[in-house]
Amino acid sequence: RRAGQYQRRVHGKDMDADAFLKSAGIASDWPYGRGCWQSTDKQCIIWFGEEDQLRIMCMKKGTKLSEVFDRLKVLLDAVESLDGIEFARSDKYGYVTSCPSNLGTGMRASVHVKLPNLTKDGTDTKAKEVAKPLGLSVRGTTSA
C-alpha cells in the first residue's frame, strides 16, 4: 500500500479512567510508546500498545469477507516487515496479551450482521439462544 493511505490519529481514550487497564498496570505513561493509525477510508486501524500488543482491525460493509482478509494480510505483512518489532510469545501458550481470552493466536474475528427477526422484541435474548449452541457470541446489537 502507498504510505499516503494511512494517517496518524490521536486516539481520545482516557486510559487512566479504565479500571481494568489501570489494575493490570497497562494504563500508565499513556500515550508514550503507543500509536494508532487509521486508513484514510476509515476501514482499517493499526493500534500499537493499548491492551493488546498489536490490534489490527479491518472493516467493510457487504458480504465479501475475502476482501477484508486480503486487506488484513497486507497490513500484517507491513507490520511484520518493520525492523525491531517483536511480540511477547511463549512456546507453551503462544502470543501473550493482557487479556487471557486472547492468549494463543491472539486472533479474534467478528462479523456484524443484522438479524431483525432475532431482535425484534428489542432484546438480544433470542439471538443469544440461537448463537450459544453454535459457539458464537452476540455483541453490539444496538449499534447502527
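1. The side chains of Glu129 and Lys126 form a salt bridge with an N to O distance of 3.9 Å, where a salt bridge is a side-chain nitrogen of Lys or Arg within 4 Å of a carboxyl oxygen of Asp or Glu. The two residues are three apart in helix α4 (residues 125–131), which means that about one helical turn separates them; helices here are DSSP runs of H or I with at least four residues, strands are runs of E with at least two, and both are numbered from the N terminus. Glu129 is partly exposed at 48% relative accessibility, and Lys126 is likewise partly exposed, with a relative accessible area of 41%. For these labels, buried means under 20% relative accessible area, exposed over 50%, and partly exposed in between, computed with a 1.4 Å probe on protein chains only.

2. On provenance, this is a predicted model, in which local features need pLDDT of at least 70 and side-chain atom pairs count only at pLDDT 80 or more, while totals for chains, interfaces and linings use all residues. Residues are numbered from 1 along each chain as its sequence is written, and side-chain values use heavy atoms, with hydrogens and water left out.

3. The structure holds five salt bridges, and another of them joins the side chains of Lys73 and Asp77 at 2.7 Å, N to O. Lys73 and Asp77 are four residues apart in helix α2 (residues 65–80), so they are separated by about one helical turn. Lys73 is partly exposed at 46% relative accessibility, and Asp77 is partly exposed at 34%.

4. Lys128 and Asp124 also meet through their side chains in a salt bridge, with an N to O distance of 3.5 Å. Lys128 has a relative accessibility of 42% and counts as partly exposed, and Asp124, with a relative accessible area of 23%, is partly exposed too.

5. Turning to the strands, β2 is largely enclosed by the rest of the structure, because four of its five residues are buried. Strand β2 runs antiparallel to strand β3 (residues 44–48), and four bridges join them, strands being counted as paired if DSSP finds at least two bridges between them. Within this pairing, Gln38 stands opposite Ile45 in β3, and in the hairpin, which has four residues between the strands, Lys42 takes a positive phi near 65°.

6. Ser39 belongs to strand β2 (residues 35–39) and is buried, with a relative accessible area of 1%. A polar atom of the Ser39 side chain lies 3.2 Å from the backbone nitrogen of Gln43.

Terms used. A polar contact is a pair of N or O atoms within 3.5 Å; within protein, one must be able to donate a hydrogen and the other to accept it, and residues adjacent in sequence count only if both atoms are side-chain atoms.
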